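Thanks for coming. Please have a look at it first.

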Amino acid sequence: MKKNNLIISEFLDDAFNLKSHLVEFLSIKECDLEGFLENAKMNLANLHPGDVLGNVSDFYTDIVGDRHLADLAAWHITSKDYIADTLKLQQRFSRDLVLDFGGGIGTHALANAMSSNIKHVFFVDINQTNRKFVEFRAKKLGVENKLTFCRTIKETNIKIFDTIVCLDVLEHLADPASQIEIFYEIMHSNSIALFNWYFYKGEKNEYPFHIDDSLIVENFFEKLQSKFLEVFHPILITTRAYKKFK
Ligand SMILES: C[S@@+](CC[C@H](N)C(=O)[O-])C[C@H]1O[C@@H](n2cnc3c(N)ncnc32)[C@H](O)[C@@H]1O
């Protein structure tokens with residue numbers, strides 16, 4: 001297992017070998033990779049069908065395909081200092097059994113799996129391509145024994161987690177308040193949950209898939225403020241740490 005500062009510096013070097021993992025997993029030529037990553041954000045936004053989409057989660061299961069890999073990879077590479085700060089935060093709080101809900105391309109789950117503070121990481125993501133890609137990456141990085149891949153929390157068969165990581169996911173859910181209530185039920189009194197959210201579609205509708213309905217957002221904050229107590233951390237990012245409010 002690696003020392004925590006080494007994990008951060010390996011992420012800052014090459015995002016845990018992300019580009020070479022993409023080339024091999026997607027069977028694309030190295031020279032085509034930059035094109036795949038360029039414009040990824042707008043390509044993903046353009047895929048969204050708008051208000052006609054009945055079920056929010058259909059976007060991630062049926063529509064995005066490997067486009068979300070491109071979008072997330074481009075973001076983690078171009079915003080690596082920000083992502084590294086979220087990894088530092090995760091290192092500060094993560095231990096033992098971890099749930100990474102909506103784990104995307106796996107940066108946080110893989111970093112946790114590399115850490116000696118962690119017994120096992122359950123990577124839950126509704127998108128099959130993401131699950132397969134992170135499973136592939138885990139094997140490449142030699143941490144596959146510390147990761148399990150599931151579509152839902154129920155599939156993990158774990159009743160209580162010590163750590164929950166849910167980063168940049170809540171704004172993608174039809175009902176974020178119900179989701180954090182589910183998290184509450186699978187935490188013990190010393191568990192820590194890391195949450196952030198961005199209930200905003202963007203100035204130019206760059207994030208048409210983000211929930212911004214004021215009632216849904218108000219319900220979310222009511223639930224958060226009644227069920228969770230914030231735990232201070234000094235890292236200057238929007239992600240917050242919570243424990244259960246007694
Ligand atoms: C913006 S990405 C964030 C990925 C990662 N947490 C990060 O910080 O890079 C949102 C992720 O949530 C997943 N997701 C969306 N709805 C979900 C659901 N209902 N259950 C599990 N995962 C979901 C998507 O497939 C996607 O991987």
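I'll go through the sheet, then the helices on it, then the core.

Keep in mind that this is a predicted model. Start with the sheet: 7 strands make an open sheet, in the order E3-E2-E1-E4-E5-E7-E6, with mixed pairing. Strand E3, residues 147–150, and strand E6, residues 228–231, are at the edges with a single partner strand each, so one side of each has no neighbour in the sheet. On average, neighbouring strands are turned by 25° against each other, ignoring direction.

Now look at E4, residues 161–166, and E5, residues 187–195. These two run parallel and are joined by 5 bridges.

Next, the helices. Helix H7, residues 80–93, lies across E4, E5 and strand E7, at about 175° to E5. Helix H8, residues 107–114, lies across E1, E2, E3 and E4, and runs at about 165° to E2.

H8 also meets helix H9, residues 128–141: their axes come within 10 Å and cross at roughly 30°. The two helices are therefore roughly parallel to each other, and the crossing is right-handed. On the H8 side the contacts involve Ala 109, Leu 110 and Ala 113; on the H9 side, Val 134, Arg 137, Ala 138 and Leu 141.

Last, the core. Which residues have the most contacts inside the largest nonpolar core? They are Ala 113, Ile 164, Cys 166, Ala 193 and Leu 194, in a core of 64 residues. Leaving out residues up to four places away in sequence, Ile 164 touches several others, including Leu 99, Phe 101, Phe 183 and Met 187.

Methods:
Residues numbered from 1 in each chain as written. Predicted model: local features only at pLDDT ≥ 70, side-chain atom pairs only at ≥ 80, totals over all residues. Core = buried A, V, L, I, M, F, W, Y, C linked by C-beta atoms within 7 Å. Buried ≥ 20, exposed ≤ 12 C-beta atoms within 10 Å, placed from the backbone. Contact = placed C-beta atoms within 7 Å. Pairing = 2+ DSSP bridges. Helix = DSSP H or I, 4+ residues; strand = E, 2+ residues; numbered from the N terminus. Axes fitted to C-alpha atoms, helices over the stretch in contact; angles between N-to-C directions. Parallel < 35°, antiparallel > 145°, perpendicular 65-115°, else oblique. Left-handed = near helix turned anticlockwise from the far one by under 90°.
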